[in-house]
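Visitor: Could you walk me through this one? I have a few quick things to ask.

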Amino acid sequence: MSAKACRYAHPAQPAQYLSRLCGAFHKTDTRGVTLAYFPIPRSGCRLRHEPVSTMTDISLKERISSAVKDAMRARASERLGTLRLLQAAIKQKEVDERRELSDADITAILEKQVKQRRESVAAYEQAGRTETAAQERAEITVLQEFMPQAASPEEVSAAIDAAIAAATAQGISGAPAMGVIMAELKQKLAGRADMGALSKDVKARL
């Protein structure tokens, strides 16, 4: 191996995310840029392209666990309470089904908890309990941090149009069409749109 080394500058990712590069050692220069150095053959310098771990590799369950720790350190009791209830729901489902939940499974739990709180907000507002309704909204905000980015109205409308067109092309109409369309929309927009609102919109269009 040559005494020289090929270097790979990566200003966006710190050294710990480059540590899986085979045979690499790391150094940060005066500009704060992390460099990964690899030994290379004498025949010349070749840059190795190896998969690098990034923050996107973190599972939803790990993100929630990290948020719980952050809330504990910040002594954010209300946020912590919401997150612990979420963790408890995840743990209970894992115990019931005897398996570790995927991100999609956890997203479904988040959707259910958001739906429950929205229903509570409506009930509390109807009863004039505005402070309690505000607490429920705050919990919804915490939960939505872990859900996929909400679909735009245009995206939702286009998805509904496409699902209806697909059902019509298959000759499906009436009540059966509703089930087929909603199944398609749930697959496309799970965690990104309110399924209750979607259902009302589809009914109005059929």
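Predicted model: local features only at pLDDT ≥ 70, side-chain atom pairs only at ≥ 80, totals over all residues.

Visitor: Let's start with α2: how far apart are its end C-alpha atoms, and what span should its 21 residues have?

Guide: Helix α2 runs over residues 77–97, and at 1.5 Å a residue its 21 residues should span 30 Å, which agrees with the 30 Å that separates its end C-alpha atoms.

Visitor: And which residues are buried in α2?

Guide: The buried residues of α2 are L80, T82, L83, L86, I90 and E94. Around the axis they cover an arc of only 165°, so they sit on the same side of α2. In general, an α-helix has 3.6 residues a turn, so residues three or four places apart point the same way.

Visitor: What's exposed on the other side of α2?

Guide: On that other side, S77, E78, K91 and D96 are exposed, while the buried residues of α2 pack against α1 (60–74), α3 (103–126) and α4 (130–144).

Visitor: What follows α2?

Guide: R98 follows α2, and the phi of R98 is positive, near 55°.

Visitor: Switching to α6, which of its residues are buried?

Guide: In α6, which covers residues 174–189, the distance from the first C-alpha to the last is 22 Å, close to the 22 Å expected for its 16 residues at 1.5 Å a residue. Its buried residues are A177, M178, I181, M182, L185 and L189. Seen down the axis of α6, these buried residues fall within an arc of 125°, so they line one face of the helix.

Visitor: What covers them, and what is exposed on the other side of α6?

Guide: The cover over the buried residues of α6 includes α5 (153–169) and α7, whereas P176, K186 and Q187 are exposed on the other side of α6. After α6 comes G191, with a positive phi near 80°.

Visitor: How many of the lining residues are charged?

Guide: By class, the lining of the largest pocket has 8 charged residues, along with 7 nonpolar and 3 polar ones.

Visitor: Now I140: buried or exposed?

Guide: I140, which is found in helix α4, counts as buried because its relative accessibility is 9%, and the cut-off for buried is under 20%.

Visitor: What is I140 in contact with, leaving aside its neighbours in sequence?

Guide: Leaving aside neighbours within four places in sequence, I140 is in contact with V114, R117, R118 and V121. R118 was also named among the residues closest to the centre of the largest pocket.

Visitor: Last one, L60: where is it, and what does it touch?

Guide: L60 is in helix α1 and is buried, with a relative accessible area of 6%. Beyond its neighbours within four places in sequence, L60 is in contact with D103, I106, T107, L110 and F146. L60 and D105 are 45 residues apart in sequence, yet their C-alpha atoms are 9.9 Å apart in space.

Methods: Residues numbered from 1 in each chain as written. Heavy atoms only, no water. Helix = DSSP H or I, 4+ residues; strand = E, 2+ residues; numbered from the N terminus. Expected span 1.5 Å × (residues − 1). Buried < 20%, exposed > 50% of the residue type's maximum accessible area, 1.4 Å probe, protein only. Arc of directions from axis to C-beta. Contact = heavy atoms within 4.5 Å. 1 Å grid on protein atoms, 1.4 Å probe; cavity = no way out; pocket = protein on both sides within 12 Å on 5 of 7 lines; lining within 4 Å. Nonpolar A, V, L, I, M, F, W, Y, C, P; charged D, E, K, R; others polar.
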